[in-house]
Amino acid sequence: MAKRICLALQGGGAHGAFTWGVLDRLLERQAIEVTAVSGTSAGAMNAAALVTGLVAGGPSQAREGLSRFWQAVSERSPLGVVERAMPFMPMPFMEGALERMKVFGQLVSPYHPALPTANALKSVIEATIDLGLLASQTMIPTFVSATDVESGRARLFTGRELSADALLASACLPNLFRAVEIDGRSYWDGGYTGNPVLTPLFSDDCDCTDLLIVQVTPFERAGAPRQPAEIMNRVNEITFNSSLLRDLRTVAEIQKLARGERFENSVLRRTAALRVHMIAAGPEIGEGGVAGKLDTRLSALSRLCDLGRAAALRWMEESYEAVGQRSTASPMLESFT
């Protein structure tokens with residue numbers, strides 16, 4: 001019997017295909033009943049494809065929607081075109097091209113007049129996700145986060161606010177894309193302020209006390225990087241994990257204080273009762289090098305999907321029975337207190 005959970009899906013560019021694999025395996029086994037989802041950047045895309053599929057036709061349609069989205073990402077990306085034209089291109093050449101893309105993004109503003117104004121991801125979203133259903137459905141509360149450029153605060157989009165622009169805002173890396181404007185405000189990637197935001201999953205009544213986080217950016221890495229690209233990659237990992245660490249620390253502190261206490265406040269009660277689980281990508285996710293988050297070739301995305309499916313299977317074998325009974329991320333939470 002499927003177990004009720006709410007999902008928190010982290011962003012990480014092309015590494016979001018790992019989350020595709022995790023969800024694909026869980027849906028294939030019909031292991032979970034999703035009660036609410038919070039997603040950021042690539043996690044927001046996965047959330048949108050997942051929720052619209054579940055509402056429209058259940059787990060099988062959700063699997064089809066996720067696959068359709070990620071295949072479209074590859075088909076419409078320059079790297080995907082190159083791979084189809086030259087499938088045996090040497091890997092060092094591809095890694096070099098990705099590195100040059102990163103450097104170009106750091107040196108040239110996306111507002112340069114020679115660059116296109118449109119975000120290529122928008123056509124993918126519009127072609128693969130039922131945006132009308134996403135905005136109108138009420139079965140599975142869905143939260144997407146972006147960063148308000150002027151205030152520096154997180155902005156949550158939900159319900160009728162969920163549009164193609166909201167999804168684009170959540171995934172808008174400022175060195176690659178122009179800020180997305182919604183109702184006169186400019187937004188960048190939500191990973192700077194909430195990757196993903198956990199609070200709506202327990203501050204709102206989502207009728208669930210088990211939270212599963214799918215993490216694609218590691219908290220820890222062995223050793224201090226020395227090469228410029230590796231240094232910047234680690235800086236980005238720390239930055240994009242800081243909000244998740246903050247939210248987990250808040251949960252841990254409340255649960256520590258809650259021992260033996262009975263709260264009158266409903267939010268504190270739900271936080272105290274929350275059981276936290278995590279499926280995290282391992283070091284093998286970074287085999288594509290520091291520019292791997294830009295690698296949208298179908299071969300690379302499929303490899304990440306396979307890693308996600310394997311990670312989900314391990315989690316089901318080791319931790320699934322604990323859902324509904326206890327946290328399986330307890331050691332991590334206890335380390336924060």
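Where Cys6 is concerned, does the residue count as buried or exposed, and at what relative accessibility?

Author: The model is predicted, so local features need pLDDT of at least 70 and side-chain atom pairs count only at pLDDT 80 or more, while totals for chains, interfaces and linings use all residues. Residues are numbered from 1 along each chain as its sequence is written, and side-chain values use heavy atoms, leaving out hydrogens and water.

Cys6 is buried, with a relative accessibility of 0% (buried means under 20% relative accessible area, exposed over 50% and partly exposed in between, with a 1.4 Å probe and protein chains only). Cys305 is likewise buried, at 7%. The cysteine sulfur closest to that of Cys6 belongs to Cys208, and because 4.5 Å separates the two, they are too far apart for a bond. Across the whole structure, the search for disulfides (pairs of cysteine sulfur atoms within 2.5 Å) finds zero.

The nonpolar cores (sets of buried Ala, Val, Leu, Ile, Met, Phe, Trp, Tyr and Cys residues joined through side-chain atoms within 4.5 Å) complete the picture. The largest has 66 residues, and Leu7, Phe18, Leu26, Val37, Leu50 and Leu167 have the most contacts inside it. Leaving aside residues up to four places away in sequence, Leu50 touches Leu7, Leu23, Leu27, Val34, Val37, Ala62 and Leu66 (contact means heavy atoms within 4.5 Å).
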